[in-house]
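Please report on the disulfides, salt bridges, backbone details and surface of the structure shown below.

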Amino acid sequence: ALTDHYGSDTEVDYTRGVLGLEGDIGFWSWDVSYQNTYNKGTYGNKVIHRDAMLMAQDHFANGTSCSGEVTAISGKTCVDVPFTDPQQIYGNPSAEVRNFLFGEEEGVTIYKQQTVEAYITGDLFELPAGAVGSAFGMSFQKDELDDTPGVHSASGNSWGLSTASRTAGDQNTRAVFGEFRIPLVEGQAWANRMDFTASGRWTDVSTYGNDTTYKLGLTWEVVDGFTIRGSRGTSFRSPALFELYLAGQTGFGGQMSVDPCYDWGNRLESGSVSQQVADNCAADGVPADYDGSASSSATLVTSGGAGRLEAETSVSEGYGFVWTSPEDTYAFSADYYEVEINNQVANLGGSDITGSCYRSENFPNDPLCSQFTRNDGANGDYGIDTIYGGYTNVASQGTRGVDVNFTYQDDFDFGSLRFNIEHTIQLERTYQLFADSEPSQYIGEIGDPKHIEIGRAS
């Protein structure tokens, strides 16, 4: 077809430099490093000039010639396009028409990162079971992002495609951390050795704030070759620069796909919408028989969440044991794990926002209800006008299961043989998009089997 003129290509240049120093002060060892990373991605897009297409369509519909006129953004001298010519319809326009309607643009994404890290390790003092080991350190990291789309995407002059604006921002991350290994028991009848480890980290992110995370662990070697282990820890992830500073980008969505109130009266009778949705649609003034025929597509605006996004947080636990044969030929381990992630950053689409709003018992005061606008019913148009989506903290997910590992290795006259089997049993994997929605269970679905097994031989 005439409008089959889409495509893209990307070229990425990556540069990374590292400088480091290390040394010893008595029984303490230290390390200082500096890292500088520079990424530049250049992406080209084929576009159909919107100003050219509209100019040609207007003159064709009016039966007039556009000869001599120049488009406002693409700067093209107009060519009369014979839209009813089969050669044009089936994608074989003349060179003049191609030059007028079609073009290319180039966007650039630059990402910079600088990191300074320093740490020192050594033993603090002696206990009956051994020396208390320690490590202390600090780090500083600066991230910068600048994504400049092509001129036609930025100005909304790419016909049939969404618009994109410049996305730019930076953040600084500071952290201090410490870790200790404390030997509790050694050489007892009930424990060859028992060690306790503890670590903590304070992190301050300029775009988010500060938080403290920790990890605790216990290793108990009961007898030679048999060890029990367990750990519990927390972590957090501050929003990424793209999630924070993505500039407003627009697209379009059909009313039937984004509006839960579409024909809600008949859909209530058929059971495809709930009574809660029907009540909220009625309260919003949408007629029960509104069919959307008077409404055009909704405008979907996607943007970053600077000023409202919070960090993702997680808690993880793991418990298990390791057995190794006396000759180190066989090894077997089994570990139970459980991970819970809260405040996960999600990119909400149009139907996510409107659907959650009209399902809410707190309608119209649910926060998501303020992220879209609806037409007032003039000329029978009650459709969704604009939806402001993008990145927000709404999701949580959890997983738990068992990891089993078996290893066999031995030496023979012909060489060494090593065989390893890793088997994971997923007991639960859930994802909850909204606080008022039921968690989804994924185990057993495509991509999330209950049993996962990997074997290696060398």
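## Disulfides

The disulfide of C261 and C281 is left-handed, because the torsion about its S-S bond is about -90°. C261 lies in the loop between α6 and α7 and C281 in helix α8 (residues 275–283), so the pair ties together parts that are 20 residues apart in sequence. The sulfur atoms of C261 and C281 are 2.0 Å apart; a disulfide here is a pair of cysteine sulfur atoms within 2.5 Å. Helices (H or I, at least four residues) and strands (E, at least two) are DSSP runs, numbered from the N terminus. C261 counts as buried at 0% relative accessibility, and C281 counts as buried at 0% relative accessibility. Buried means under 20% relative accessible area, exposed over 50%, and partly exposed in between, with a 1.4 Å probe and protein chains only.

The model is predicted: local features need pLDDT of at least 70 and side-chain atom pairs count only at pLDDT 80 or more, while totals for chains, interfaces and linings use all residues. Residues are numbered from 1 along each chain as its sequence is written, and side-chain values use heavy atoms, with hydrogens and water left out.

A search of the whole structure finds three disulfides. In one of them, C66 and C78 have their sulfur atoms 1.9 Å apart, and with -80° about the S-S bond this link is left-handed. C66 and C78 are both placed in the loop between α1 and α2 (86–89), twelve residues apart. C66 is buried at 0% relative accessibility, and C78 is buried with a relative accessible area of 6%.

C357 is joined to C369 with an S to S distance of 2.0 Å. The torsion about this S-S bond is about 110°, so the disulfide of C357 and C369 is right-handed. C357 is in helix α9 and C369 in the loop between α9 and β13, twelve residues apart. Both C357 and C369 are buried. With the bonded cysteines numbered in sequence order, the pairing is 1-2, 3-4, 5-6.

## Salt bridges

The count comes to 14 salt bridges, each a side-chain nitrogen of Lys or Arg within 4 Å of a carboxyl oxygen of Asp or Glu. Side chains of opposite charge can pair when their charged atoms come close. R374 and D284 meet in a salt bridge with an N to O distance of 3.6 Å. R374 lies in strand β13 and D284 in the loop between α8 and β10 (298–303), so the pair ties together parts that are 90 residues apart in sequence. R374 is buried, with a relative accessible area of 18%, whereas D284 is partly exposed at 33%.

In the salt bridge of R456 with E422, the closest N and O atoms are 3.0 Å apart. R456 is in strand β17 (residues 451–457) and E422 in strand β15 (residues 415–432), 34 residues apart. R456 counts as partly exposed at 45% relative accessibility, and E422 counts as partly exposed at 29%. Elsewhere, R181, E186, R193 and D195 are linked in a network of salt bridges.

## Helix α1

Helix α1 covers residues 50–62, and its 13 residues should span 18 Å at 1.5 Å a residue; the end C-alpha atoms are 18 Å apart, which agrees. The expected span is 1.5 Å times one less than the number of residues. The buried residues of α1 are D51, A52, M53, M55, A56 and H59. Their cover includes β2 (28–48) and α3 (95–101), where contact means heavy atoms within 4.5 Å. After α1 comes G63, with a positive phi near 70°.

## Backbone details

A cis peptide bond, with omega about 0°, joins F363 and P364. P364 is in the loop between α9 (350–359) and β13 (372–374).

D263 is not a glycine, yet has a positive phi of about 50°. D263 is in the loop between α6 (255–258) and α7 (264–270) and is buried, with a relative accessible area of 18%. N343, also not a glycine, has a positive phi of about 60°. N343 lies in strand β12 (residues 330–348) and is partly exposed at 30%.
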